[in-house]
Amino acid sequence: MSASAFGRSSLPCHKSRPGGDLLGRLVRSCVAILTLETCESGFAALELKPHIQANLQRIGYLTPSPIQAAFIPEALKGIDVIGQAQTGTGKTAAFLLPILERLREERAPQALVLGPTRELIHQVHDEAKRIIGDSGVSLACIYGGDGFSRQIEALRAGAQVVAVSYTHLRAHE
């Protein structure tokens, strides 16, 4: 079905609700304003832990991308957020930063990141390693084709963030 079937918006709910198109434009405008303000003031405006701020500077992340500026503040408040952006816009860091910010010092799984492929799980794991630097946060990367015993050991060692492919999640129950 084409976007024109629903009027000016591709979302059917906007046409079915009175004023829905106006509401959609208002929400998009507010997100755009918040994103612009956060982007201009840099990651410091997000009030992340000092070691995360330092690591972001070390790896060259000086200014949040629009997806990061819109997503991170809401996620830090504990609000469920869905984000969509093109490849290469910083989505991985957008969801990892709130996870890393909220970790406790306890050496136990605290966050589970699910991905459809080994490549995406590696991307999440590698990006998390870059962001955490030498902060001591423990990560595990679990996927098929790698030694099962190494993966079990990473979990037993107290991985705080576990990135796992969908197909291998059940193998570790």
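In which sense do strand β2 and β3 pair, and over how many bridges? The two strands run parallel, with four bridges between β2 (residues 139-142) and β3. Keep in mind that this is a predicted model.

Let's stay with β3 for a moment. Leucine 139 has valine 161 in β3 as its bridge partner. On the way from β2 to β3 there's helix α7 (residues 148-156), and together the three make a right-handed β-α-β unit. β3 also pairs with β1, again in the parallel sense, over five bridges. Here leucine 112 sits opposite valine 162 of β3.

How buried is β3 (residues 161-165)? Five of its five residues are buried, so the strand is largely enclosed by the rest of the structure. Both faces are covered: Val161, Ala163 and Ser165 lie on one side, Val162 and Val164 on the other.

Now for the rings. The structure holds one aromatic pair: phenylalanine 43 and tyrosine 61 are stacked, 6.5 Å centre to centre with 20 degrees between the planes. The pair links distant parts of the chain, 18 residues apart, with phenylalanine 43 in the loop between α2 and α3 and tyrosine 61 in the loop between α3 and α4.

| Residue | Relative accessible area | Class |
|---|---|---|
| Phenylalanine 43 | 2% | buried |
| Tyrosine 61 | 21% | partly exposed |
| Leucine 112 | 49% | partly exposed |

Methods:
Residues are numbered from 1 along each chain as its sequence is written. This is a predicted model: local features need pLDDT of at least 70, side-chain atom pairs count only at pLDDT 80 or more; totals for chains, interfaces and linings use all residues. Side-chain values use heavy atoms; hydrogens and water are left out. Rings of Phe, Tyr and Trp (its six-membered ring) pair if their centres lie within 6.5 Å; planes under 30 degrees apart count as stacked, over 60 as edge-to-face and the rest as tilted. Buried means under 20% relative accessible area, exposed over 50%, partly exposed in between (1.4 Å probe, protein chains only). Two strands pair if DSSP finds at least two bridges between them. A crossover is right-handed if, with the strands pointing away from the viewer, the path from the first strand over the helix to the second runs clockwise.
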